[in-house]
Amino acid sequence: MIGVAREVERVRIGELAKATGTTARALRHYEQAGLISSERAANDYRVYDEWAVVRVRNIRYLLAAGLTLDDVRVFLPCLDGDVTAAPPSDKGLRVALERLAVLNERIAAQTEARDRLEAALRDTSTVSCVGSASSCALVPAETPESGLREHYPFRPIMSTRTVAEPGTEPTGSTNLQVARSTAHPTAELLRQCS
């Protein structure tokens, strides 16, 4: 039997995007990063070899795992095979461990920022935000616990006083619970900026 070289199929950018569950914009980005390559057809459309489907799926797998496009470059020799089944190289493991350390640092920084903001909210007179930040309001004393406490189970020291509901005349006063504290400097800033 005589072996005949099979011509490699070409796919246009839209077809490659559909086959890999991504967008044409992402494919151009991968190409700009040097992870995939294309040629121009006679009509000046980008066309890719059919193997690009496997490569793009592997790129997306590595990105979904938390790596960056720069990190993915380390895996270039493996991108045309089954990345999930191949044993990782020492260099690949080092890149993955470095990325994990960066992600852990970011998570720790975000957790600290969340804790500072939570403490500031605890120290302000605003008890509950329903929906977006623009809909923050005091919680009426007669209502059940606010949705905010489901996510942030702190219990500020409360006092009860009578105030008018926003947008109403003082005659329509309602008994509201108001957190009172000035211990946190951000709390004072939050009060001043509202």
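**Entry 1: the whole chain**

I began with the surface: the accessible area of the chain comes to about 13,200 Å², and carbon and sulfur atoms hold 55% of that area. I note here that the model is a predicted one. Of the 194 residues, 27% count as buried. I then looked at contacts between residues with a separation of 6 or more, and found that 48% of them join residues 24 or more positions apart.

I counted the secondary structure next and got 7 helices and 7 strands. Along the sequence I wrote the pattern down as β-α-α-β-β-α-α-α-β-β-α-β-β-α.

**Entry 2: a sheet of 3 strands**

I looked up an open sheet whose 3 strands stand in the order β1-β3-β2, with antiparallel pairing. Which strands stand at the edges? They are β1 (10–12) and β2 (39–40); each has a single partner strand, so one side of each lacks a neighbour in the sheet.

I checked the pairing of β1 with β3, which covers residues 46–49, and found 3 bridges between these antiparallel strands. Across this pair, V11 faces Y48 in β3.

**Entry 3: the nonpolar core**

I listed the largest nonpolar core, which has 22 residues. The members that touch the most other members are L16, L27, Y30, Y48 and I59. I then asked which helices supply it: α1 (13–20), α2 (24–32), α3 (52–64) and α4 (69–72) give at least two residues each. The most comes from α3, with 5 residues. As background, nonpolar side chains in soluble globular proteins tend to be buried together.

Leaving out residues up to four places away in sequence, Y30 touches T22, L35, I36, V56, I59, R60, L63 and L69.

**Entry 4: helix α3**

I compared the length of α3 with what is expected. Its 13 residues reach 18 Å from the first C-alpha to the last, close to the 18 Å expected at 1.5 Å a residue. After α3 comes G66, which has a positive phi near 110°.

Which residues of α3 are buried? I found A52, V53, R55, V56, N58, I59 and L62. Their cover includes α1, α2, β3 and α4. I also noted a general point about spacing: an α-helix has 3.6 residues a turn, so residues three or four places apart point the same way.

I looked up N58, which lies in α3. Is N58 buried or exposed? Buried means under 20% relative accessible area, and N58 has 7% relative accessibility, so N58 counts as buried. Beyond residues up to four places away in sequence, N58 touches C78, L79, D80, G81 and V83.

**Entry 5: helix α5**

I did the length check again on α5, residues 90–122. Its 33 residues should span 48 Å at 1.5 Å a residue, and the end C-alpha atoms are 48 Å apart, so the two values agree. The buried residues I noted in α5 are G92, V95, R99, E118, A119 and A120.

**Entry 6: salt bridges**

I searched the whole structure and got 8 salt bridges. The general idea is that side chains of opposite charge can pair when their charged atoms come close.

The side chains of E31 and R46 meet at 3.1 Å, N to O. This pair links distant parts of the chain, with E31 in helix α2 and R46 in strand β3, 15 residues apart. R46 is partly exposed, at a relative accessible area of 21%.

D80 and R55 meet through their side chains at 2.8 Å, N to O.

For D71 and R99, the closest N and O atoms are 2.6 Å apart. D71 belongs to helix α4 and R99 to helix α5, and the two are 28 residues apart. I checked burial for both: D71 is buried, with a relative accessible area of 10%, and R99 counts as buried at 15% relative accessibility.

Terms used. Residues numbered from 1 in each chain as written. Predicted model: local features only at pLDDT ≥ 70, side-chain atom pairs only at ≥ 80, totals over all residues. Heavy atoms only, no water. Pairing = 2+ DSSP bridges. Helix = DSSP H or I, 4+ residues; strand = E, 2+ residues; numbered from the N terminus. Buried < 20%, exposed > 50% of the residue type's maximum accessible area, 1.4 Å probe, protein only. Contact = heavy atoms within 4.5 Å. Areas by Shrake-Rupley, 256 points an atom, 1.4 Å probe, with all protein chains shown as cover. Core = buried A, V, L, I, M, F, W, Y, C linked by side-chain atoms within 4.5 Å. Expected span 1.5 Å × (residues − 1). Salt bridge = Lys/Arg side-chain N within 4 Å of Asp/Glu carboxyl O.
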